[in-house]
Amino acid sequence: KAAKERPEAVETVDEGKIVLAHRVGRRNFSVPIVGYGTAQPEHVYSVRPQVSGRIVRLSENFVEGRSVAQGEFLFEIDKQDIAIAILEREATIQEAAATMMEIRAQVDPIDSEIRRLRQKIGDLQNNVRVKQQAIDLAAKEVARLRPLVEAGSIAKSQLETAQIALNQHEQAILEPKSELAQTPILIEQRDGEKKAVLARIDTVEAQRKVALAGLEKAKLDMTRTVLTSSVKAIVVRSPDLGGVPAKILALGAFVAAGEDVGLQLMEDDGAMEIPVALDIAEARWIRGAGEDAVADTITSILAKIGEVRVEYFRDPTYSWTGVLDRIKGNIDETTRTLTAIVRVAGSGNDVIPGKTIPLAPGMFCRVLVPGYEHREAIVIPRSALRADNKVFRIEDGRLAIREVSPLQILETEV
């Protein structure tokens, strides 16, 4: 058999790995500092009634999303309980007045009795004094006659008669003396009765004053049963607290004094605020701060910022212009961020699909702060930066590894 022909040898060439090369050059370059936050009204007013009761009238405008004018009626609370309270307080006041008249009527007889007893003391003192004088005279007479009887100058019967007269005078003084001793005790008793009556008057007067205060409060509460809007506003739903949904206000619903009714008033045409967490390390790249901004205070840096762009996170087609208004709190040492408040003035009420919508509470937004402009900077893809800040570079057709000093590392570019 004929020998098999040998296959022709194929020369292989090592073409190496395929790489993607980017042509870069120097150019002016700036990137905004990006932050995120949820829009919230600058001025929101809670609606908290000052009295409790059931809703008996409710404005058709006091629902989420509707507008109300300043002074416009919102809702009315049932007045019946307050009206009853007013009648009760008035009845208590009248009853207290009648009771005090009755009690005061008891004081006059006691005062008259005390005056009579005091007068009696004076009369008894005079009576006792006269009787004591009679005793003294009778005792002198007995003393005069006794030596005469002993001398036999007079009859013994005369001494006995004088002694009987002395005994009668001494017996006569006992009763007025006893009354004189008892009368102050009677006065003290009547005075105690008077004090007890006056104490009842004080108690009733205190009850009357409490009823008067309650009446004034009830009358004031009556004026608080009708609630109106203090500002021109848009009605918004109150935020949920602790996972508990805000109550739904409806006709017949019970509202408690001091509690949120579930709806709030957002000042119409008022500004919206967006709390945004910003990395303090990026402060040096804020436009207007300059590359030496690391030495500046945060406040001075923010003071140099002009307008910022606010975008609706779900659809960046819709955007608004705002300003960095202020810093809230201190720097968070854990995250090394600070919370800046972006203020967006009234965004209007126009809704044009694809063009404009109002910035509303609860919208999650992206905030773009103007970044510092790097002049004559070299910009490379983020993927081209290797570990230890090294890049591959083609020099004279050969691959070289060079170390670089990044000024700013972004999501997609360096």
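Cores, contacts and salt bridges in a predicted model

Q: How many residues does the largest nonpolar core have?
A: In this predicted model, the residues with the most contacts inside the largest nonpolar core are Ile-274, Val-310, Trp-320, Val-342, Leu-359, Met-363 and Val-367. Strands β9 (233–237), β12, β13, β14, β15 (337–344) and β16 (364–369) each supply at least two residues of this core. Apart from it lies another core, of 24 residues, with Val-51, Ala-233, Val-261 and Leu-263 among them. The count for the largest core is 26 residues.

Q: Which residues does Val-310 touch, not counting residues up to four places away in sequence?
A: Val-310 is among the residues with the most contacts inside the largest nonpolar core. Leaving out residues up to four places away in sequence, its contacts are Ile-274, Tyr-318, Ser-319, Trp-320, Val-342, Val-344, Cys-365, Arg-366 and Val-367.

Q: How far apart in space are Ala-277 and Gly-37, C-alpha to C-alpha?
A: Ala-277 is found in strand β12 (residues 272–279). Beyond residues up to four places away in sequence, Ala-277 touches Gly-35, Tyr-36, Thr-337 and Leu-338. Ala-277 and Gly-37 are 240 residues apart in sequence, yet their C-alpha to C-alpha distance in space is 7.6 Å.

Q: Is Asp-111 buried or exposed?
A: Asp-111 forms a salt bridge with Lys-194, with the closest N and O atoms 2.9 Å apart. The pair links helix α1 (residues 80–151), which holds Asp-111, to helix α2 (residues 156–223), which holds Lys-194. Lys-194 has a relative accessible area of 23% and is partly exposed. Buried means under 20%, and Asp-111 is at 18% relative accessibility, so Asp-111 counts as buried.

Q: Which helix holds both Lys-217 and Asp-221?
A: Lys-217 forms a salt bridge with Asp-221, the closest N and O atoms being 2.7 Å apart. Lys-217 counts as partly exposed at 49% relative accessibility, whereas Asp-221 is buried at 9%. The two residues are four residues apart, about one turn of the helix, and both lie in helix α2.

Q: Which strands are linked by the salt bridge of Arg-326 and Glu-273?
A: Side chains of opposite charge can pair when their charged atoms come close. The side chains of Arg-326 and Glu-273 meet at 3.0 Å, N to O. The two residues are 53 residues apart, and the strands they link are β14 for Arg-326 and β12 for Glu-273.

Q: Which residues make the nonpolar surface patch of about 330 Å²?
A: One member, Phe-313, is found in the loop between β13 (307–312) and β14 (319–332). Phe-313 is partly exposed, with a relative accessible area of 38%. The patch is made by Val-34, Tyr-36, Phe-313 and Phe-364.

Key: Residues numbered from 1 in each chain as written. Predicted model: local features only at pLDDT ≥ 70, side-chain atom pairs only at ≥ 80, totals over all residues. Heavy atoms only, no water. Patch = residues over 30% accessible without salt bridge, like charges linked within 9 Å, V, L, I, M, F, W, Y side chains within 5 Å. Areas by Shrake-Rupley, 256 points an atom, 1.4 Å probe, with all protein chains shown as cover. Salt bridge = Lys/Arg side-chain N within 4 Å of Asp/Glu carboxyl O. Buried < 20%, exposed > 50% of the residue type's maximum accessible area, 1.4 Å probe, protein only. Contact = heavy atoms within 4.5 Å. Core = buried A, V, L, I, M, F, W, Y, C linked by side-chain atoms within 4.5 Å.
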